[in-house]
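I opened this notebook to record what I looked up in the structure. The entries follow in the order in which I made them.

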Amino acid sequence: MAEPSLAQQSFLEQRKRRLRAITLARIFIFLLFLLVWEMSARLHLIDAFIFSSPSRVYKMFVSMVSDRSIFMHMGTTLTETLLSFFLVFLFSVLSAVLLWLFHSLSRILEPYLVVLNSLPKSALAPLLIVWLGANMKTIIVAGMSVAVFGSILTIYTGFSEVDPEKVKLIYTLGGNKKDVLWKVVLPGSVPIFVNTMKVNIGLCLVGVVIGEFIGSRQGLGYLIIYGSQVFQLDMVLMSIVILCIMAMILYQGINLVEKYCLKRF
Amino acid sequence: MNPLLELSHVSYSYHEVNGETLALSDISFTLKNGSFLAIVGPSGCGKSTLLSLICGLLEPEEGSIAFRGKPLREAGASIGYMLQKDHLFEWRTVYSNVTLGLEIQKKLTPKHLSSVDAMLETYGLSSFKNARPSQLSGGMRQRAALIRTLALEPDLLLLDEPFSALDYQTRLSVCDDIAAIIKKEEKTAILVTHDLSEAISMADQVLVLSKRPGRVQKLVPVTFAMEERTPMRARNAPEFKDYFNLIWKELNISG
């Protein structure tokens, strides 16, 4: 390949500098935040007992790592989130397929789905605890309840927006509704599946934490509630930080899935 | 012998909440095996509806369609339909796109596949078998779509403005390509188009439909005094202009 021209080189150089500056600015804001927080606590500008501080959060983390308890809590929340995420996906694709296959069914159920979708799902959590008991099953159902209705609606809408000409093509080739589903609707909806997954992973985490607030003896949501009740704000803030990191990693995981799918679909 | 296709007094209307629309009224014509019919008419005259009726996606409300003398439903005719856009699926390779029809009809047999291979070879697509449709040019996509249709060995080929999505230059050459393929595979074809030149250059009969509700305005046989007729040569023939004017006049009477 030929050497790029000088103008091109300087353009690339400039772009690289710009990107580096953005990354640096991001890191700077983060460090500044930690510094201001820590200093305000040390200088008694804020009450460290209530607002904690980076070093206290870190100490709490180290002590919970050394007695291994933190791994159990993280593991619980992660397992519950992933399980509810996969169940939501499975359940909403199956439901959307049923609604697509039976058009009248979707017309009949539409208002119910809309109501269930706009209902604040946290309102259901106390009911779920009473009905299903304070166990992992309940937390998983709570996680699902937040994401599942929106997910069904999004996927079903995606199914019904498939190009009618593509559907016609399958019929002209002698296919039936089953062929339309397998050859056009499902493979054509992969981008919608990925987008729904991106939204769902965060929603499931929200639902699981809400579930843990009220009906659990383990998990990060439990730690937050327990910590706030015994005024261990270090524990509360540590759990929130871990939740942030967990959410970020899960989201990146879906991004990897998306990259793979974009290559194929 | 019975003609390949015979429409007698076919009518069709669309029903909607706001009322019904008569799309086609009293359409009758016959089509011989091996002929090429072009259907032209003002937009909204029911050209595409007519094709949907012929391939059995819609049922005529009145009248009947016979295939080799039998009612269309019972004739078991294999009718290929080429839509306006190629609709090649991006999630499939070119090869699995052109074999889609065979896959649906569970005919992925060595015999059918080898005929697909032969067509890909003949029409310059064999090196793109494993490519994605997005890697093909507009003309190649159209050829792939035609091979997908021909793979099912249709007795009758329906073309619904298959060139309308292409730019003018590509359109002329794809027109030549497709006409050559249809001639070589000895297919009977019906082409729907709003482009008069395209109709005259490709077809040996042109059916002019009136504006909605579509009725048969005139059936014009098109012959050229030349050997080895191709659409491109036909466009340059002296008779071309006369046919053009004749059909143009018919269209304007109707409109």
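Before counting, I noted that helices are DSSP runs of H or I of at least four residues, while strands are runs of E of at least two, numbered from the N terminus. I also noted that this is a predicted model.

Entry on secondary structure. I looked up the elements of chain A and found twelve helices and zero strands. Reading from the N terminus on, I wrote the order as α-α-α-α-α-α-α-α-α-α-α-α.

Entry on overall dimensions. I asked what radius of gyration chain A has. The value is 24 Å, whereas a compact globule of 265 residues would have one near 18 Å. Along the principal axes, I found that the C-alpha atoms of chain A fill a box of roughly 75 × 70 × 30 Å.

Entry on burial and contacts. I recorded that 32% of the 265 residues in chain A are buried; for this, a residue needs 20 or more other C-beta atoms within 10 Å of its own. I then turned to the contacts in chain A with a separation of 6 or more, and 72% of them join residues 24 or more positions apart.

Conventions
Residues are numbered from 1 along each chain as its sequence is written. Chains are lettered from A and ligands numbered from 1 in the order in which they are written. This is a predicted model: local features need pLDDT of at least 70, side-chain atom pairs count only at pLDDT 80 or more; totals for chains, interfaces and linings use all residues. The radius of gyration is taken over C-alpha atoms; the globule rule is 2.2 Å times the number of residues to the power 0.38. A residue is buried if 20 or more other C-beta atoms lie within 10 Å of its own, exposed if 12 or fewer, and partly exposed in between; C-beta atoms are placed from the backbone. Two residues are in contact if their C-beta atoms, placed from the backbone, lie within 7 Å.
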